[in-house]
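Welcome, and please take a moment to look over the sequence and the model. We will walk through the fold together, one part at a time.

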Amino acid sequence: SNLLLETAFGVQAIPIKSAIKHPQFLEMKGQHNQNDLGVVIMSEDAKLDQTVCLLCLPEDKPVTKLESCIVTGYGWGKGSSEGVLLESNINFPNGQDCGDGSDLICGQSEEKCPSGGGNDIPLACESDGVYKMIGQLTTSQNCSKSTSTRQQKFLNISTYKSWILDLINVHSYE
(Lines give C-alpha, C1' and ligand atoms only; values in the text may rest on other atoms or scores of the structure.)
Protein backbone atom coordinates (compact mmCIF):
# COMPACT_ATOMS: atom_id res chain seq x y z
CA SER A 1 0.00 0.00 0.00
CA ASN A 2 1.14 3.55 -0.65
CA LEU A 3 -0.67 4.89 2.42
CA LEU A 4 1.44 6.93 4.83
CA LEU A 5 0.24 7.48 8.38
CA GLU A 6 0.26 10.53 10.60
CA THR A 7 0.17 12.79 7.54
CA ALA A 8 -1.80 16.01 7.27
CA PHE A 9 -5.23 16.00 5.63
CA GLY A 10 -4.86 15.10 1.96
CA VAL A 11 -7.72 16.87 0.25
CA GLN A 12 -8.52 16.49 -3.43
CA ALA A 13 -11.51 18.43 -4.72
CA ILE A 14 -13.16 16.18 -7.32
CA PRO A 15 -16.67 16.93 -8.58
CA ILE A 16 -19.23 14.21 -7.94
CA LYS A 17 -20.94 12.84 -11.02
CA SER A 18 -23.58 11.03 -8.95
CA ALA A 19 -24.15 9.69 -5.44
CA ILE A 20 -26.24 6.55 -5.18
CA LYS A 21 -27.74 5.35 -1.91
CA HIS A 22 -28.59 1.66 -1.60
CA PRO A 23 -32.21 1.24 -2.80
CA GLN A 24 -33.16 -0.68 0.35
CA PHE A 25 -31.57 1.74 2.82
CA LEU A 26 -33.64 1.99 6.00
CA GLU A 27 -32.88 4.38 8.84
CA MET A 28 -33.29 2.71 12.21
CA LYS A 29 -33.31 5.11 15.15
CA GLY A 30 -31.30 3.77 18.07
CA GLN A 31 -29.84 0.89 16.00
CA HIS A 32 -27.53 0.55 13.02
CA ASN A 33 -29.23 1.51 9.76
CA GLN A 34 -30.05 -1.29 7.33
CA ASN A 35 -28.26 -1.35 3.95
CA ASP A 36 -26.37 1.78 5.05
CA LEU A 37 -24.18 1.99 1.98
CA GLY A 38 -23.79 4.30 -0.96
CA VAL A 39 -21.53 4.63 -3.97
CA VAL A 40 -20.08 7.92 -5.18
CA ILE A 41 -19.26 8.16 -8.88
CA MET A 42 -16.62 10.85 -9.40
CA SER A 43 -16.35 12.91 -12.56
CA GLU A 44 -12.62 12.16 -12.78
CA ASP A 45 -10.10 9.81 -11.20
CA ALA A 46 -8.47 10.68 -7.90
CA LYS A 47 -4.70 11.09 -7.91
CA LEU A 48 -3.06 8.26 -5.99
CA ASP A 49 -0.56 9.64 -3.49
CA GLN A 50 0.53 9.25 0.13
CA THR A 51 -3.02 9.85 1.43
CA VAL A 52 -5.14 8.21 -1.32
CA CYS A 53 -4.82 4.55 -2.27
CA LEU A 54 -6.91 1.77 -3.76
CA LEU A 55 -8.76 -1.05 -2.03
CA CYS A 56 -9.99 -4.11 -3.91
CA LEU A 57 -13.45 -5.55 -3.42
CA PRO A 58 -13.58 -8.84 -1.50
CA GLU A 59 -13.77 -12.27 -3.08
CA ASP A 60 -17.18 -13.72 -3.90
CA LYS A 61 -16.80 -16.46 -1.31
CA PRO A 62 -17.64 -15.59 2.31
CA VAL A 63 -14.71 -14.69 4.53
CA THR A 64 -14.33 -17.33 7.21
CA LYS A 65 -11.39 -15.96 9.18
CA LEU A 66 -10.26 -12.35 9.34
CA GLU A 67 -6.76 -11.32 10.34
CA SER A 68 -4.35 -8.51 9.48
CA CYS A 69 -7.19 -5.98 9.33
CA ILE A 70 -7.06 -2.22 9.78
CA VAL A 71 -9.28 0.82 9.58
CA THR A 72 -7.93 4.13 8.37
CA GLY A 73 -9.49 7.54 8.50
CA TYR A 74 -8.88 11.07 9.55
CA GLY A 75 -8.80 11.99 13.22
CA TRP A 76 -6.64 13.91 15.66
CA GLY A 77 -3.02 12.82 16.07
CA LYS A 78 -0.94 12.97 19.23
CA GLY A 79 -0.36 16.61 20.10
CA SER A 80 -1.66 17.75 16.73
CA SER A 81 -4.04 20.64 16.23
CA GLU A 82 -4.86 19.52 12.69
CA GLY A 83 -6.40 16.32 11.41
CA VAL A 84 -4.11 13.50 10.43
CA LEU A 85 -4.59 10.12 8.76
CA LEU A 86 -4.81 7.45 11.46
CA GLU A 87 -4.69 3.67 11.37
CA SER A 88 -6.10 1.28 13.91
CA ASN A 89 -5.63 -2.50 14.00
CA ILE A 90 -8.86 -4.46 14.31
CA ASN A 91 -8.91 -7.74 16.24
CA PHE A 92 -11.55 -10.46 16.24
CA PRO A 93 -11.13 -12.18 19.64
CA ASN A 94 -14.59 -13.80 19.48
CA GLY A 95 -14.58 -14.45 15.74
CA GLN A 96 -16.23 -11.95 13.42
CA ASP A 97 -19.87 -12.83 14.15
CA CYS A 98 -21.70 -10.16 16.17
CA GLY A 99 -23.95 -12.77 17.76
CA ASP A 100 -27.09 -10.79 16.94
CA GLY A 101 -28.25 -12.69 13.84
CA SER A 102 -27.12 -9.92 11.50
CA ASP A 103 -24.61 -10.19 8.65
CA LEU A 104 -22.48 -7.51 10.30
CA ILE A 105 -18.82 -8.13 11.11
CA CYS A 106 -17.78 -7.32 14.68
CA GLY A 107 -14.27 -6.47 15.76
CA GLN A 108 -12.55 -4.37 18.34
CA SER A 109 -9.72 -1.92 18.52
CA GLU A 110 -7.45 -1.05 21.40
CA GLU A 111 -6.30 2.10 19.64
CA LYS A 112 -7.67 5.50 18.73
CA CYS A 113 -10.64 5.39 16.37
CA PRO A 114 -10.12 7.12 13.02
CA SER A 115 -12.62 9.77 11.91
CA GLY A 116 -13.11 10.84 15.50
CA GLY A 117 -15.41 7.87 16.03
CA GLY A 118 -17.40 8.56 12.86
CA ASN A 119 -18.79 6.00 10.47
CA ASP A 120 -18.31 5.06 6.82
CA ILE A 121 -14.64 4.16 6.97
CA PRO A 122 -13.36 0.93 5.38
CA LEU A 123 -12.27 -2.26 7.11
CA ALA A 124 -9.30 -3.38 5.01
CA CYS A 125 -7.84 -6.86 5.40
CA GLU A 126 -4.59 -8.00 3.82
CA SER A 127 -4.38 -11.24 1.90
CA ASP A 128 -1.38 -12.22 -0.24
CA GLY A 129 -0.05 -8.64 -0.16
CA VAL A 130 -3.33 -7.10 -1.36
CA TYR A 131 -5.71 -5.09 0.83
CA LYS A 132 -9.42 -5.74 0.28
CA MET A 133 -12.38 -3.76 1.57
CA ILE A 134 -14.08 -6.39 3.69
CA GLY A 135 -16.34 -4.04 5.63
CA GLN A 136 -17.54 -0.49 6.16
CA LEU A 137 -17.79 0.90 9.68
CA THR A 138 -21.40 1.33 10.71
CA THR A 139 -21.21 1.52 14.50
CA SER A 140 -18.42 2.38 16.93
CA GLN A 141 -18.85 2.11 20.67
CA ASN A 142 -16.60 3.75 23.24
CA CYS A 143 -14.47 5.49 20.59
CA SER A 144 -14.36 8.75 22.50
CA LYS A 145 -14.00 7.14 25.92
CA SER A 146 -10.89 5.94 27.74
CA THR A 147 -11.81 2.27 27.69
CA SER A 148 -9.48 -0.63 27.01
CA THR A 149 -11.49 -1.85 24.01
CA ARG A 150 -13.64 -0.20 21.39
CA GLN A 151 -16.25 -2.44 19.76
CA GLN A 152 -16.83 -1.73 16.09
CA LYS A 153 -19.46 -3.14 13.72
CA PHE A 154 -18.94 -3.26 9.97
CA LEU A 155 -21.24 -3.88 7.04
CA ASN A 156 -20.12 -7.02 5.22
CA ILE A 157 -19.15 -5.67 1.78
CA SER A 158 -19.36 -9.10 0.12
CA THR A 159 -23.14 -8.89 0.70
CA TYR A 160 -23.23 -5.77 -1.51
CA LYS A 161 -20.54 -6.66 -4.06
CA SER A 162 -22.87 -7.44 -6.99
CA TRP A 163 -24.78 -4.17 -6.43
CA ILE A 164 -21.50 -2.20 -6.37
CA LEU A 165 -20.19 -3.91 -9.52
CA ASP A 166 -23.50 -3.27 -11.33
CA LEU A 167 -23.21 0.44 -10.54
CA ILE A 168 -19.59 0.58 -11.66
CA ASN A 169 -20.45 -1.16 -14.94
CA VAL A 170 -23.41 1.11 -15.68
CA HIS A 171 -21.53 4.32 -14.90
CA SER A 172 -18.27 3.36 -16.65
CA TYR A 173 -20.04 3.65 -20.01
CA GLU A 174 -21.55 7.10 -19.42
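Are Cys98 and Cys106 buried or exposed? Cys98 is buried, and Cys106 is buried as well; here buried means under 20% relative accessible area, exposed means over 50%, and partly exposed lies in between, with a 1.4 Å probe and protein chains only. Before going further, please note that this is a predicted model, in which local features need pLDDT of at least 70 and side-chain atom pairs count only at pLDDT 80 or more, while totals for chains, interfaces and linings use all residues. Residues are numbered from 1 along each chain as its sequence is written, and side-chain values use heavy atoms, with hydrogens and water left out.

Let us begin with the overall plan. The protein chain has one helix and eight strands, where helices (H or I, at least four residues) and strands (E, at least two) are DSSP runs numbered from the N terminus. Followed along the sequence, the pattern reads β-β-β-β-β-β-β-β-α. Of the 174 residues in the protein chain, 36% are buried. A contact means heavy atoms within 4.5 Å; among contacts in the protein chain with a separation of 6 or more, 59% are between residues 24 or more positions apart. The protein chain exposes about 10,500 Å², and carbon and sulfur atoms supply 49% of that area, which is worked out by the Shrake-Rupley method with a 1.4 Å probe, with only the protein chains shown counting as cover for residues.

Now find strand β8, residues 150-156. Six of its seven residues are buried, so that the strand is mostly covered. Its antiparallel partner is strand β5 (residues 105-109), and five bridges link β5 and β8; two strands pair if DSSP finds at least two bridges between them. Across this pairing, Gly107 stands opposite Gln152 in β8.

Next, turn to the interior. A nonpolar core is a set of buried Ala, Val, Leu, Ile, Met, Phe, Trp, Tyr and Cys residues joined through side-chain atoms within 4.5 Å. The largest one has 13 residues, and those touching the most other members are Leu37, Val39, Leu155, Ile157, Tyr160, Trp163 and Ile164. Two elements, β2 (38-42) and α1, each give two or more residues to this core, and α1 supplies the largest share, three residues. Another core lies apart from it, with 12 residues that include Phe92, Leu123, Cys125 and Leu137.

Leaving aside neighbours within four places in sequence, Tyr160 is in contact with His22, Asn35, Leu37 and Leu155. Asn35 lies in the loop between β1 (16-21) and β2, and its relative accessibility of 18% is why it counts as buried. Its phi is near 50 degrees, a positive value in a residue other than glycine. For background, most residues other than glycine have a negative phi. Further on, His171 sits in helix α1 (residues 161-172) and counts as buried because its relative accessibility is 16%. Not counting residues up to four places away in sequence, His171 touches Lys17, Ser18, Ile20 and Ile41.

What cross-links are there? The count of disulfides comes to two, a disulfide being a pair of cysteine sulfur atoms within 2.5 Å. One of them joins Cys69 to Cys125, with an S to S distance of 2.0 Å. Since Cys69 lies in strand β3 and Cys125 in strand β6 (residues 122-127), the pair ties together parts that are 56 residues apart in sequence. Both Cys69 and Cys125 are buried. Cys98 and Cys106, the residues we started with, also form a disulfide, their sulfur atoms 1.9 Å apart. This link is right-handed, with 110 degrees about the S-S bond.

Finally, the structure holds one salt bridge, defined as a side-chain nitrogen of Lys or Arg within 4 Å of a carboxyl oxygen of Asp or Glu. The side chains of Lys132 and Glu59 form it, at 2.4 Å from N to O. Lys132 belongs to strand β7 (residues 130-140) and Glu59 to the loop between β2 and β3 (69-76), so the pair connects parts 73 residues apart in sequence. Lys132 counts as buried at 14% relative accessibility, whereas Glu59 is partly exposed, with a relative accessible area of 41%.
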